[in-house]
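Colleague: I am new to this structure. Could you take me through it step by step?

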Amino acid sequence: ELIDLKMIQCKRVVNEVLSTVDFVAPDDRVVFRTCEREQNRVVFQMGGMGAALLSDPDKIEKILSTLVRGTRRPVTCKIRILPSLEDTLSLVKRIERTGIAAIAVHGRKREEQPQHPVSCEVIKAIADTLSIPVIANGGSHDHIQQYSDIEDFRQATAASSVMVARAAMWNPSIFLKEGLRPLEEVMQKYIRYAVQYDNHYTNTKYCLCQMLREQLESPQGRLLHAAQSSREICEAFGLGAFYEETTQELDAQRAKLSARTSEETGEPAEDTSGVIKMAVKFDRRAYPAQITPKMCLLEWCRREKLAQPVYETVQRPLDRLFSSIVTVAEQKYQSTLWDKSKKLAEQAAAIVCLRSQGLPEGRLGEESPSLHKRKREAPDQDPGGPRAQELAQPGELCKKPFVALGSSEESPLEGW
């Protein structure tokens, strides 16, 4: 479920590393990612939020008619019910005339919450009135606890099929005929997919919070709530080794594809002779909140009366990752590992320089008193590192949903 204006700004990018198609915003954030297994099954929901279009039936008709004429894909519409049955039936008849393939009906009024009872009777009246398929929605809270309940809800509403949202987020194995799988097993499987497809950690964290629900105050729930990266999420669920192995494989695949691209385009390989390299990454957890390797390197250069470090950062078109080279006293330093942001790449380059010189890099227990003093005197000298970004989003990680429904060409439950 995404805002349409956000998608309009995106650029379609084929990600050969992940075998996905990405829609990337101008700020380089992946707004939507899909893969071949989802091609014929993904449901993409967009438009006005909070049933905003219900009060503008003319706009509803215009949007749906335009979509039906402009695409070969099935166009469907999802609504909530109106205060009166008469008005609701009048609206769905008008929607049907636009030529859509099916209509989903959430059997609650616009202002009602999940704890309010779903109106199976209104959905049934719609199903009896229309000739197109009607998809019943809204049964998770009271009706759907296990697989067999899905069919019971369908029969109660006389619908053609059922859309399951909350119950599926709580435990996706709700679709297994043989019964729900243990939540721990489900979460582990989900995390593995999230890492393999480089899902943004805030989305992964949100979905896991939905699964844990009342267990969020458990020790594992508290670890999840504190996690600020995919690595920390994996560590909270005992998947730290899997994370490291998978990210190394992805890095190797990126390097391989990058080299192949250079050969195919005939571009000369970048001359990095004379550059001191190490395979390092900047891990925010290993440093105090006020200290970064870039700050330590800048302080050392000042003490030694050297020119300020100069960072040259490039972005790889293949996967939009970053690498930075820092020059200090005419010597260049670079990490061989590519990062997701310019700031992270610069921090990694600074670490390579500091370690090559045998200098403290500001890790916990290493920080220099003079560095603290300078930080207090000039707090905005070098914000470096991703911490500022992380602190700008307190509490939002378990609040903003990202929902993409999809499955494979075979069984959507393959591998369970």
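This is a predicted model: local features need pLDDT of at least 70, side-chain atom pairs count only at pLDDT 80 or more; totals for chains, interfaces and linings use all residues.

Colleague: Which helix goes with β4 and β5?

Modeller: Helix α3 (residues 85-96) makes a right-handed β-α-β unit with β4 and β5. Right-handed means that, with the strands pointing away from the viewer, the path from the first strand over the helix to the second runs clockwise.

Colleague: And what does β5 make with β6?

Modeller: With helix α4 (residues 120-129), β5 and β6 make a right-handed β-α-β unit. β5 and β6 pair in the parallel sense over four bridges, and the bridge partner of His 106 in β6 is Asn 137.

Colleague: Which way do the residues of β6 point?

Modeller: In β6 (residues 134-137), Val 134 and Ala 136 point one way, while Ile 135 and Asn 137 point the other way; all are buried. Buried means under 20% relative accessible area, exposed over 50%, and partly exposed in between (1.4 Å probe, protein chains only). In a regular strand the side chains alternate between the two faces of the sheet.

Colleague: What follows for β6 and β7?

Modeller: β6, helix α5 (residues 147-157) and β7 make a right-handed β-α-β unit. Three bridges join β6 to β7 (residues 161-163), which run parallel, and Ile 135 has Ser 161 as its bridge partner in β7.

Colleague: A change of topic: what is the order of the open sheet of three strands?

Modeller: The order is β1-β2-β3, with antiparallel pairing. The edge strands are β1 (11-15) and β3 (30-35), each of which pairs on one side only. Five bridges join β1 to β2 (residues 20-24), and Asn 15 has Thr 20 as its bridge partner in β2.

Colleague: How many disulfides does the structure hold?

Modeller: The structure holds zero disulfides, a disulfide being a pair of cysteine sulfur atoms within 2.5 Å.

Colleague: Is Cys 77 buried or exposed?

Modeller: Cys 77 counts as buried because its relative accessible area is 11%. Cys 35 is also buried, at 17% relative accessibility.

Colleague: Where is Ile 191, and why does it count as buried?

Modeller: Ile 191 is in helix α7, and it counts as buried because its relative accessible area is 1%. Leaving aside neighbours within four places in sequence, Ile 191 is in contact (heavy atoms within 4.5 Å) with Leu 208, Ile 233, Cys 234, Phe 237 and Leu 239. Ile 191 and Phe 237 are 46 residues apart in sequence and 8.8 Å apart in space, C-alpha to C-alpha.

Colleague: What comes after α7?

Modeller: α7 is followed by Asp 198, whose phi is positive, near 50 degrees.

Technical notes: Residues are numbered from 1 along each chain as its sequence is written. Side-chain values use heavy atoms; hydrogens and water are left out. Helices (H or I, at least four residues) and strands (E, at least two) are DSSP runs, numbered from the N terminus. Two strands pair if DSSP finds at least two bridges between them.
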